[in-house]
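Open the model in your viewer and follow along.

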Amino acid sequence: MSHKRISEPSDGAFSCNGKSCQSHGLQMTLSSTSSSHSGGGGGADLSNKRRRVLQAAGGGIFGLPFLGGPQEASASGLPLRSSTGGTRKGGPTNEIVRVVNGIKHRRLGSSDIVVSELGLGTQRWASTDFNAPDKDLCYAFMDEAILKRGINLIDTAEQYPIPSDGRTVMEGDSERVIGDWMKDRKVRREDVVISTKITGGRNVTPRNIEKDLEGSLNRLGTDYVDVYLLHWPQRYSPQSNWGQSLKYNIENDASPYWRMNGGPTSFEDLCLAMQKMIDKGKIRGWGLCNDNAYGLTASSRTAKALGTTPPACLQGDFSILDRKSEENGVAEAASPYNENVGFMSYNALAGGMLTGKYMDVPAAFDDTKRDRAMGSLQNPRGRMDTRGWGATLYRYRTEAAQEAIADYAKLAKANKMSLTELSLRWNRQRDMVTTTLLGHTNMDQLKDTLDIFSKKEPLSDDLMWEIDRIHMRNRLPLFSSNRVGKDWDGEGEIGEPIP
């Protein structure tokens, strides 16, 4: 495949401690492609001809192929052609390709990658957390989910497990567990879809994409990964952390970390580097994580302009409590009518808050009764009762979030289901969501989750509307706060810039 280079690289280069980083800081000269239209009359035909001439001369919107040709529709009514007029590799994202043991498998973006609508999250597999599943339990999870119950997707990262101590537990151990299991169980590689991630920020360079990927392949014991993701954007983005930042801050974007030595890796270099890995057979597709509508669209449009493979998916924080990706442009950009990109949802249970376990007794950090709070820290029910996670994940425990959780719990009870079931079935029904990634700490949790995702019937329209009514009382509960101090001076509870 030949790829159109939009411009020549500048001379900027970047190096950083720990991981070797390089950035060419390419400047993009926007190009256009022509598209064909069929008109019903002489005037329309003349207008379309004039439009084609203008596009060929660079007269399209911003010079990029945003104005596409006619789109061929599938039987479902979804487009099979991209907005640049080229036939999509697969079909519309999220279409159901097959059902295995009651679990639906959906297309991921426009790729030929098909994933189960439930995936195994591995962030804490074999970690130093108090309730982390050990290697044997992780094996049991994969035996149950993949070998017996129709799941094919495992999501991991080169940084997993979190937390690790660098002595008994190392970064990359989660990948090693997966690789060892595939080898020990003699699992056919094509029966498992593996997504893993490169560490984000300035670490994302063409050189490091290849080097870090090679490390993941070695730990996984495989020749290729199915989806290679940026763990967070290669550029500054206000939503790429775990705090309450939402507002774009131009001062942060202008900081030396992001702007020195040519600035972040360009979208052009990113797309070309990922295509190089595809051409070498080391990845089947790629994607983004903790990004937004700008990052998704810029990556997809740059790839199409270059003639390279566009991203297959965006992975993001999404739950009944956190719908921002549906309402901030991500869902629109990802739609099969637009960029045709899949969506991997994580934190669907909001760090455990949507299990209801913290409703009767607050999480340790929120408990005003000191003795009881100390008891929760000593015998934690989950991550919210620990010093590390409890502070980091505070946004799932805002006053607005807890009010919504209480309302959702009442609604679930009235409909004879658990809050967990309500939350997961709601998540599964969202148009944007291709698959939901969930981590588990014991086998009972996993079996309950598998049973929920095996249920065929959707939540009723009436129940979905009642959920929407609760949502309308506060559409961003995770990003609300009633306790911001006057002297915090633009910082949130973990030091992140707010608003």
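Start inside: the largest cavity has a volume of about 170 Å³. A cavity here is a set of points, on a 1 Å grid over the protein atoms alone, where a 1.4 Å probe fits but cannot get out. Points are joined across faces, edges and corners, and the volume is the space filled by probe spheres set on them.

This is a predicted model: local features need pLDDT of at least 70, side-chain atom pairs count only at pLDDT 80 or more, and totals for chains, interfaces and linings use all residues. Residues are numbered from 1 along each chain as its sequence is written, and side-chain values use heavy atoms, without hydrogens and water.

Select Gln239, Asn290, Asp291, Asp317 and Lys324. Of the 21 residues lining the largest cavity, these are the closest to its centre; a lining residue has an atom within 4 Å of a point.

Next, colour β9 (313–317), α9 (324–327) and β10 (342–346). Each supplies at least two lining residues, and β9 gives the most, with four. Helices (H or I, at least four residues) and strands (E, at least two) are DSSP runs, numbered from the N terminus.

Now move to α16, residues 461–471. Which of its residues are buried (under 20% relative accessible area, 1.4 Å probe, protein chains only)? Select Leu463, Met464, Ile467, Ile470 and His471. They sit on the same side of α16, because they cover an arc of only 115° around the axis, taken from the directions from the helix axis to the C-beta atoms.

Turn to the other side: Asp461, Asp462 and Trp465 are exposed (over 50%).

Last, show α9, α13 (399–414) and α14 (419–429). The buried residues of α16 pack against these helices, with contact meaning heavy atoms within 4.5 Å.

Technical notes:
1 Å grid on protein atoms, 1.4 Å probe; cavity = no way out; pocket = protein on both sides within 12 Å on 5 of 7 lines; lining within 4 Å.
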